[in-house]
Amino acid sequence: MKDKISNSKIQSYRSEMMTAYKKEISLPYLSDFDVVLTPDEAYQIQKHLVHVASENDTIVAYEAGMTSEGSQKKFGATQPLAAARFASGLHFNTTEIKISEFQNPILETEIGYRIKSEITKKVTLSTIKELVKEIVPMIEIPDIKHPDISRLTQKDMIATNGAGAVIILGEPVNADVNINEEITTLALNKEEISRGKGSDAMGDQWTSLAWLINKILDQGYPITPEHILMTGTVGQIVPLTKGSYTATYGALGTIEFTVV
């Protein structure tokens with residue numbers, strides 16, 4: 001149970017974290033303030049950050065992160081995390097990315113979904129497919145602004161909105177594909193650096209999508225056809241370096257972009 005001192009520490013952490021976020025400098029760790037949060041408390045801090053960011057930006061996507069057992073184990077977690085993504089970080093196929101705009105960027109191939117109509121009630125695995133209008137191949141480039149990744153916990157990531165930075169959209173396709181079996185590869189200068197398939201995310205794309213929708217509803221965010229729902233990393237997470245990238249998503253097509 002938290003006492004007034006603990007609550008004061010949480011407020012100090014939130015204040016310093018928000019200052020760092022606005023200045024786009026290195027973010028503090030919860031452990032710097034001797035703060036131990038519940039997941040709900042971490043999401044409340046995230047919600048404050050998202051609210052402030054939304055004053056000058058627009059939420060365009062929601063993401064499930066840490067959707068593999070390996071990534072959860074690495075960060076001492078037992079479930080994925082959810083985060084919001086903004087229009088200021090939105091790019092499209094054949095884009096050019098400047099590496100100088102990041103502190104510690106990594107690269108992930110992902111799969112996104114657009115829905116047919118607004119979702120206001122929690123969903124089940126048995127009904128999730130009928131809600132989907134189209135599937136979108138995607139790239140995410142998170143920027144890890146905590147200087148020492150070895151100190152990072154999942155609750156640090158939740159509180160700071162999952163290190164979101166850039167997302168790149170490919171062309172949407174019809175939802176009628178066997179998405180769990182689609183192979184995704186990523187090549188840098190024509191050399192393959194990552195390979196995975198849809199089921200990498202929570203063992204099943206539809207399970208991950210349902211989890212994300214329900215978690216976003218828990219946080220009180222709207223989910224409309226304008227939003228993209230990202231189900232987590234497919235393949236390996238790799239560092240972002242300069243060069244020409246091609247991500248191939250099987251029936252979902254390709255995304256090409258250059259980092260300079």
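Visitor: What makes β1 and β2 a pair, and in which sense do they run?

Guide: Two strands pair if DSSP finds at least two bridges between them; β1 (residues 59-65) and β2 are joined over six bridges in the antiparallel sense, and therefore meet that criterion. Within this pairing, Arg 85 of β2 is the bridge partner of Ala 61. The model is predicted, with local features needing pLDDT of at least 70 and side-chain atom pairs pLDDT 80 or more, whereas totals for chains, interfaces and linings use all residues. Residues are numbered from 1 along each chain as its sequence is written, and side-chain values use heavy atoms, leaving out hydrogens and water.

Visitor: Why is strand β2 called mostly covered?

Guide: Buried means under 20% relative accessible area, with exposed over 50% and partly exposed in between (1.4 Å probe, protein chains only); six of the six residues of β2 (81-86) are buried, so the strand is described as mostly covered. Leu 81, Ala 83 and Arg 85 point one way, Ala 82, Ala 84 and Phe 86 the other way, and all are buried.

Visitor: How do you know that the span of helix α2 is close to the expected one?

Guide: The expected span is 1.5 Å times one less than the number of residues; α2 (residues 39-54) has 16 residues and reaches 22 Å from its first C-alpha to its last, close to the expected 22 Å. Its buried residues include Tyr 43, Gln 46 and Leu 49.

Conventions. Helices (H or I, at least four residues) and strands (E, at least two) are DSSP runs, numbered from the N terminus.
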